[in-house]
Amino acid sequence: KLEAKREYDIARQVLLDDADGGKWNKRGVNFYVYYDYDMKKWIVDYDIEGMQTIGAIYFQDEEDAEESLKEHKEQWDIVRKYETKE
């Protein structure tokens with residue numbers, strides 16, 4: 001369990017670095033990534049002003065989110081599997 005948590009922490013930090021810290025912006029559009037289990041694929045979506053998804057890693061630019069998915073798909077999978085207890 002400790003090794004899985006360590007792997008998760010490192011993977012999540014890589015994604016946070018991709019998102020320049022992953023902070024939610026109260027006054028703007030915030031992009032985030034989620035996994036659609038029905039379609040079996042990753043999707044970039046956004047929250048409109050004033051809405052926040054707890055635990056999401058936020059990007060201020062859709063292209064940065066897409067780039068993170070391309071460059072760090074393995075880390076996204078590690079985070080998803082750890083958080084869903086797969």
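**Entry 1: aspartate 20**

Aspartate 20 sits in the loop between helix 1 and strand 1. I take helices (H or I, at least four residues) and strands (E, at least two) as DSSP runs, numbered from the N terminus. Aspartate 20 is not a glycine, yet its phi is positive, about 50 degrees.

A note on what I am reading: this is a predicted model, where local features need pLDDT of at least 70, side-chain atom pairs count only at pLDDT 80 or more, and totals for chains, interfaces and linings use all residues. Residues are numbered from 1 along each chain as its sequence is written, and side-chain values use heavy atoms, with hydrogens and water left out.

**Entry 2: the strand pair**

Next I checked strand 1 and strand 2. They run antiparallel and are joined by 7 bridges. Two strands pair if DSSP finds at least two bridges between them. I noted two facing pairs. Asparagine 30 stands opposite aspartate 47 in strand 2. Valine 33 has valine 44 of strand 2 as its bridge partner.

How many residues of strand 1 are buried? I found 5 of the 7, so strand 1 is largely enclosed by the rest of the structure.

The hairpin has 4 residues between the strands. Lysine 40 lies in that loop between strand 1 and strand 2. Its phi is positive, near 55 degrees, in a residue other than glycine. Lysine 40 is exposed, with a relative accessible area of 64%.

**Entry 3: helix 3 and its cover**

I then went to helix 3, residues 73-83. Buried there are Gln75, Trp76, Asp77, Ile78, Val79 and Arg80. What covers these buried residues? The cover includes helix 1 (2-18), strand 1 (30-36), strand 2 (41-47) and helix 2 (62-71). Just after helix 3, lysine 85 takes a positive phi of about 60 degrees.

**Entry 4: serine 68**

Is serine 68 buried or exposed? It counts as buried, at 2% relative accessibility. Leaving out residues up to four places away in sequence, serine 68 touches Leu15, Asp18, Phe59, Lys73 and Trp76. Contact here means heavy atoms within 4.5 Å.

**Entry 5: salt bridges**

The structure holds 6 salt bridges. I count one where a side-chain nitrogen of Lys or Arg is within 4 Å of a carboxyl oxygen of Asp or Glu. Side chains of opposite charge can pair when their charged atoms come close.

I looked at arginine 12 and glutamate 83, whose side chains meet in a salt bridge at 3.8 Å, N to O. Arginine 12 lies in helix 1 and glutamate 83 in helix 3, so the pair ties together parts that are 71 residues apart in sequence. Glutamate 83 counts as partly exposed, at 44% relative accessibility.

Aspartate 77 forms a salt bridge with lysine 73, with the closest N and O atoms 2.8 Å apart. These two are 4 residues apart in helix 3, so about one helical turn separates them. Aspartate 77 is buried at 15% relative accessibility, whereas lysine 73 is partly exposed at 43%.

Glutamate 86 and arginine 80 also meet through their side chains, at 2.7 Å, N to O. Glutamate 86 is exposed, at 54%, while arginine 80 is buried, at 12%. Which residues do shared partners join into one network? I wrote down Lys73, Asp77, Arg80 and Glu86.

**Entry 6: the largest pocket**

On a 1 Å grid over the protein atoms alone, a pocket is an open set of points where a 1.4 Å probe fits, with protein on both sides within 12 Å along at least five of seven lines; lining residues have an atom within 4 Å of a point. The largest pocket holds about 320 Å³. Its volume is the space filled by probe spheres set on the points, which are joined across faces, edges and corners.

I found 17 lining residues, with Val33, Tyr34, Trp42, Trp76 and Glu83 nearest the centre. Strand 1 and helix 3 are the elements that give two or more residues to the lining. By class, the lining has 11 nonpolar, 3 polar and 3 charged residues. Here Ala, Val, Leu, Ile, Met, Phe, Trp, Tyr, Cys and Pro count as nonpolar, Asp, Glu, Lys and Arg as charged, and the others, Gly among them, as polar.

Key. Buried means under 20% relative accessible area, exposed over 50%, partly exposed in between (1.4 Å probe, protein chains only).
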